[in-house]
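Dear colleague,

Please find below the structure for your review. My findings follow it, arranged from local backbone geometry to the overall fold.

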Amino acid sequence: AAPTPPPDLSSCSIAKITETEEVSYSCCAPTPDDLNKIPYYKFPSMTKLRIRQPAHAADEEYIAKYNLAISRMKHLDTTEPLNPIGFKQQANIHCAYCNGAYKIGDKVLQVHNSWLFFPFHRWYLYFYERILGSIIDDPTFALPYWNWDHPKGMRMPAMFDREGTALYDQVRNQSHRPREGVMDFWFLLVMKVQTTKLQLMSNTLTLMYRQMVTNAPCPRMFFGAPYVLGNNVEAPGTIEVIPHGPVHVWTGTVPGTTLPNGRTSHGENMGHFYSAGLDPVFFCHHSNVDRMWSEWKAIGGKRRDISHKDWLNSEFFFYDENGDPFRVKVRDCLDTKKMGYDYAPMPTPWRNFKP
Ligand code: C2O
């Protein structure tokens with residue numbers, strides 16, 4: 001491996017949903033004026049940490065603020081080319097980095113299924129959160145986290161299920177709305193065993209123990225394998241596979257059904273890379289994925305960040321809240337407090353669910 005350089009923006013091309021089907025619009029980021037002089041990002045000075053709270057515990061004041069921020073972000077989507085900090089272009093970041101729009105040399109960039117997964121999404125949320133804070137003029141604004149590792153968070157967070165609000169997305173599996181009950185990571189299995197709500201919850205806690213403790217004793221298992229450019233060998237980390245993946249698929253529409261726009265579903269929005277960022281709950285889901293990174297390190301032992309230079313020096317490209325383009329390095333996202341945010345503590349009952 002070698003460190004992954006930032007994507008080559010000048011060669012950005014159309015993204016693909018499947019081998020043969022293309023995304024019908026461009027996911028490419030607007031090209032900055034001086035491509036060769038994109039500066040490295042420096043953390044702005046800050047006085048107060050942004051504290052991410054569990055979504056199920058959010059109060060009305062917070063929900064109103066969050067809705068306001070997302071609706072303002074959606075209102076930025078009226079220009080052509082799209083505003084880099086608008087709602088659609090922010091969702092397109094995920095599409096471009098994950099559906100083959102970016103090339104590095106003649107290889108296609110893919111930030112999933114490898115050790116790029118955690119740092120890419122951390123930086124992605126970092127900028128997204130700062131954009132939201134900036135458009136409502138509240139630098140302390142923090143994303144919520146979907147606390148699916150705790151019984152209280154094991155359903156779609158209610159704030160995302162209010163029809164007609166900015167946080168709602170109609171392109172979701174309608175039988176997985178909060179009133180339908182707890183999440184079931186086994187819903188993909190055809191042969192389903194009847195289980196009670198309580199059993200489902202304890203199954204999930206056991207699963208969390210496996211993915212965080214038993215199966216992830218060292219960085220290689222937790223983060224996934226080194227990223228080799230253009231290599232199709234998929235070697236994702238434990239949490240990326242489960243529960244990260246199933247939560248996406250569980251939330252999105254059922255593949256093969258008809259979407260509101262008349263097309264056939266590939267799992268949109270949450271269940272496919274190119275469209276996942278169009279559902280605001282994506283960022284809430286990933287906030288908890290990101291929190292698992294911190295929780296994992298807190299368990300101790302060999303559970304530390306990767307020390308390999310190729311990981312530390314890998315780079316991504318993002319626009320900040322002022323619409324300015326920056327390069328960022330993996331090595332600068334290892335400490336959330338340095339990045340200006342942290343997680344409100346929640347008990348982690350899965351720690352006691354050793355199978
Ligand atoms: Cu980039 Cu949850 O996927």
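Helices and strands are taken here as DSSP runs, of at least four residues (H or I) for a helix and at least two (E) for a strand, and they are numbered from the N terminus. In these terms Asn113 is found in the loop between strand 3 and helix 3, the latter covering residues 117-135. Please note that the model is predicted.

Backbone geometry

Most residues other than glycine have a negative phi, and most peptide bonds are trans. Asn113 has a phi near 60°, a positive value in a residue other than glycine. Asp137, likewise not a glycine, has a positive phi of about 60°; Asp137 lies in the loop between helix 3 and helix 4 (197-214). As to their surroundings, Asn113 counts as buried because 20 C-beta neighbours lie inside 10 Å, the threshold for burial being 20 or more. Asp137 is exposed, with 8 other C-beta atoms within 10 Å.

One runs from Glu80 to Pro81, with omega near 0°, and Pro81 sits in the loop between helix 1 (60-75) and helix 2 (87-98). Another joins Ile242 and Pro243, with omega about 10°; Pro243 is found in helix 6.

Helix packing

Helix 6 (residues 238-251) also packs with helix 7 (residues 281-299): their axes come within 11 Å and cross at roughly 165°. Helix 6 is therefore roughly antiparallel to helix 7. The crossing is right-handed. Helix 6 contributes Ile239, His244, Val247 and Thr251 to the contact, and helix 7 contributes Val281, His285, Val289 and Met292. By class, five of these residues are nonpolar, three are polar and none is charged.

A loop residue

Asp106 lies in the loop between strand 2 (103-104) and strand 3 (107-108). Asp106 is exposed, since 8 other C-beta atoms lie within 10 Å. The C-alpha atoms of Asp106 and Gly230 are 8.4 Å apart, although 124 residues separate them along the chain.

Overall fold

The protein has eight helices and six strands, in the sequence order β-α-α-β-β-α-α-α-α-α-α-β-β-β. Its C-alpha trace spans about 60 × 50 × 45 Å along the principal axes. Of the 355 residues, 43% count as buried. Among contacts with a separation of 6 or more, 70% are accounted for by residues 24 or more positions apart.

Yours sincerely

Terms used
Residues are numbered from 1 along each chain as its sequence is written. This is a predicted model: local features need pLDDT of at least 70, side-chain atom pairs count only at pLDDT 80 or more; totals for chains, interfaces and linings use all residues. Axes are lines fitted to C-alpha atoms, for helices over the stretch in contact, and angles run from 0 to 180 degrees between N-to-C directions. Angles under 35 degrees count as roughly parallel, over 145 as roughly antiparallel, 65 to 115 as roughly perpendicular and the rest as oblique. A crossing is left-handed if the near helix is turned anticlockwise from the far one by less than a right angle, and right-handed if clockwise. Two residues are in contact if their C-beta atoms, placed from the backbone, lie within 7 Å. Ala, Val, Leu, Ile, Met, Phe, Trp, Tyr, Cys and Pro count as nonpolar, Asp, Glu, Lys and Arg as charged, and the others, Gly among them, as polar. A residue is buried if 20 or more other C-beta atoms lie within 10 Å of its own, exposed if 12 or fewer, and partly exposed in between; C-beta atoms are placed from the backbone.
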